[in-house]
Amino acid sequence: MKNILFAASECVPFIKTGGLADVCGALPQYINKDEFDVRVIMPYYTCIPEKYRNDFKYITHFYMDYGKRPDDVHVGIMEYEYNGIKFYFVDNEYYFKCETPYSSDMKWDIERFTYFCKAVLAIMPVVDFRPDIIHCHDWQSSLIPVFLHSTFATNPFYSSTKTVMTIHNLKFQGIWDVETFKYNTALPDYMFTLDKLEFHRGANMLKGGLVYADYITTVSETYAEEIKYPFYGEHLDGLLRARSASLRGIVNGIDYNVFDPKNDTKIPVKFTSTNFKKKKAENKTKLQAELGLPVDEGKFMIAIISRLTDQKGLDLVSYAMDNICDENTQFVVIGTGEERYEKMFRDYHNRYPERVSANILYSDDLAHKLYAAADAMLMPSLFEPCGLTQLISLRYGTIPIVRETGGLKDTVQPYNEFDGSGTGFSFANYNADEMLGVINYSKHVYFNRREQWDLIVKRAMETDFSWNSSALQYEGMYTWMINW
C-alpha cells in the first residue's frame with residue numbers, strides 16, 4: 001500500500017473559500033483505494049460546521065517547539081472519517097479559533113500556517129502514518145518541503161518521504177519580512193538566500209515549497225506553461241523555468257455526483273444530453289419567473305457565476321455591457337467581490353431591468369438553477385489556473401464563452417463551423433472588442449443555426465471532466481515518484 005498525505009488549508013465539506021477545497025475533498029475519493037491509502041490533514045478551525053465537529057474524535061495532544069519561542073506550543077490531533085477517507089485536524093485554539101479560515105492580516109496568517117506546516121510533520125509519527133508522498137497544496141502548506149529538508153532532515157521516520165507542491169493559484173504566495181520568518185521557523189540563515197526563501201528582500205513561503213519540493217504540479221497544462229513567463233509568473237517565472245523538468249499540469253475535475261443534471265435535486269427540471277432541448281427551456285422560464293425577468297424561452301441567456309474581481313475579466317465586460325445586453329439577450333450574474341463590479345452590475349440591473357439580473361450574493365442553489373437554465377457561460381478571465389465553472393457549465397449544456405488562457409484553453413474546444421466540432425466559443429487576446437465579437441458570433445449560431453447550436457450542447461454534455469481521468473494521472477505520478 002502506498003501512503004499519500006494531502007496537506008491543505010481548506011477542504012470540502014468542512015471549509016471552502018475556493019476551488020482548492022473542491023480538489024482536496026474530491027480527488028482523494030477517486031484514487032484507487034486498493035493501491036493507495038490517501039489521508040488528508042488540515043487545521044481544526046472553530047468555523048467548521050458543528051454537524052461535523054461534534055463527531056470528530058480526539059486522538060491525543062502534545063507540545064512542540066515552534067520557531068524561536070521560549071515555550072512549546074500545543075498540538076492537538078482530531079480525527080474523522082468521511083466518504084471512506086481519513087481526515088486529521090490540527091487543533092490549536094490560539095491559531096484556529098476563527099470565523100473564517102483566513103484573516104485580513106497576512107503576518108498573522110503566515111504565523112498560523114507556518115505552525116500548521118511544522119505540526120503536520122510532528123503529528124505523523126504520533127498517528128503512525130508514514131507518508132510515501134506528502135502532497136502540499138498552495139502556500140499555506142508550502143513550508144512542509146522546507147522543514148523536511150532542514151528541521152526534520154535527520155528524522156528516520158521521513159527517510160523515504162517525497163513531496164509534491166501543487167500551485168492552485170500562483171498569485172497567493174505568503175510573503176513577509178525575513179526576521180519574522182526566522183522567528184517563526186528557526187531556520188538557518190543560509191536558507192534565506194536568493195536561491196531559496198529570499199524574495200525581493202523579504203521571504204516567500206510558496207517559493208520555499210517550489211525550491212524544496214521533489215515535484216511541482218499545477219491545475220492545467222496550459223497554466224503550467226504560462227507561469228514560466230513574466231506575465232503569469234508572479235515574479236517566480238525564473239524559478240519555474242529552472243524547475244520546468246519537475247513541473248507538469250494536471251487539469252482538475254468536478255464531482256459528477258454533485259453536478260449531474262439527470263439527478264440534481266436543486267434544479268426544477270432534470271435533463272440529459274438526449275432531452276435537453278425542451279427541458280433546459282423549462283429551467284430557463286422557471287428561473288426567469290423567479291428572478292423577475294420577462295418569461296421568454298427564446299431569449300439568449302448569458303450567465304456569469306464568479307468572484308467579481310479583476311482576474312475574471314470583468315473590466316472587459318464593463319466596457320462591452322451595453323452592446324451585450326440587446327433586446328434578445330438576458331444577462332444573469334451571481335457573485336460577490338470588488339465593490340466597483342458589484343455596483344456596476346447593480347447599475348445595469350437598474351438600467352435594464354428586463355435584460356439584466358444582478359444577484360450580488362453567493363447561493364449554491366441559485367447557481368445550480370442558473371447552470372441548468374442559461375444558454376452560455378461567460379468567462380473572459382485575465383488568467384485562470386484551471387477554472388471549475390466552465391466544467392460544470394459543459395456538464396449542464398451551458399456553452400462556455402472563454403478567453404484562451406490556463407484551464408479554459410485546455411477544457412473548452414472552440415466551435416468550428418466547417419468541421420462541426422467544438423464545445424464552446426473562445427477568443428485569444430485580452431480585448432473587449434474581441435470578446436464582444438465572439439459573444440455576437442455565439443448569438444448568431446444560437447438564433448440562425450439552431451441545429452448546430454444543439455449539437456454543440458450535446459457534445460458539451462457528453463465530454464468527461466469527472467475526476468476519473470485526473471485521478472489516474474495523479475496515481476501514475478505518485479507511483480513514478482515512489483519508485484525513483
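I looked up the contacts of Thr-163 (heavy atoms within 4.5 Å). Leaving aside neighbours within four places in sequence, I found Thr-163 touching Ile-134, Pro-145, Leu-148, Tyr-212, Ala-213, Asp-214, Tyr-215 and Met-481. Thr-163 sits in strand S7, residues 162-167. Thr-163 is buried, with a relative accessible area of 1%. Buried means under 20% relative accessible area, with a 1.4 Å probe and protein chains only.

I note that this is a predicted model, where local features need pLDDT of at least 70, side-chain atom pairs count only at pLDDT 80 or more, and totals for chains, interfaces and linings use all residues. Residues are numbered from 1 along each chain as its sequence is written, and side-chain values use heavy atoms, without hydrogens and water.

Next I checked a sheet. Strands are DSSP runs of E, at least two residues; helices are runs of H or I, at least four; both are numbered from the N terminus. Two strands pair if DSSP finds at least two bridges between them. Three strands form an open, antiparallel sheet in the order S8-S10-S9. S8 (175-177) and S9 (198-199) are at the edges with a single partner strand each, so one side of each has no neighbour in the sheet. Two bridges join S9 to S10, residues 202-204. Phe-199 has Gly-202 as its bridge partner in S10.

Last, I looked at the whole protein. I found 19 helices and 18 strands. Of the 484 residues, 60% count as buried. The C-alpha trace spans about 70 × 45 × 40 Å along its principal axes.

Notes:
Buried < 20%, exposed > 50% of the residue type's maximum accessible area, 1.4 Å probe, protein only.
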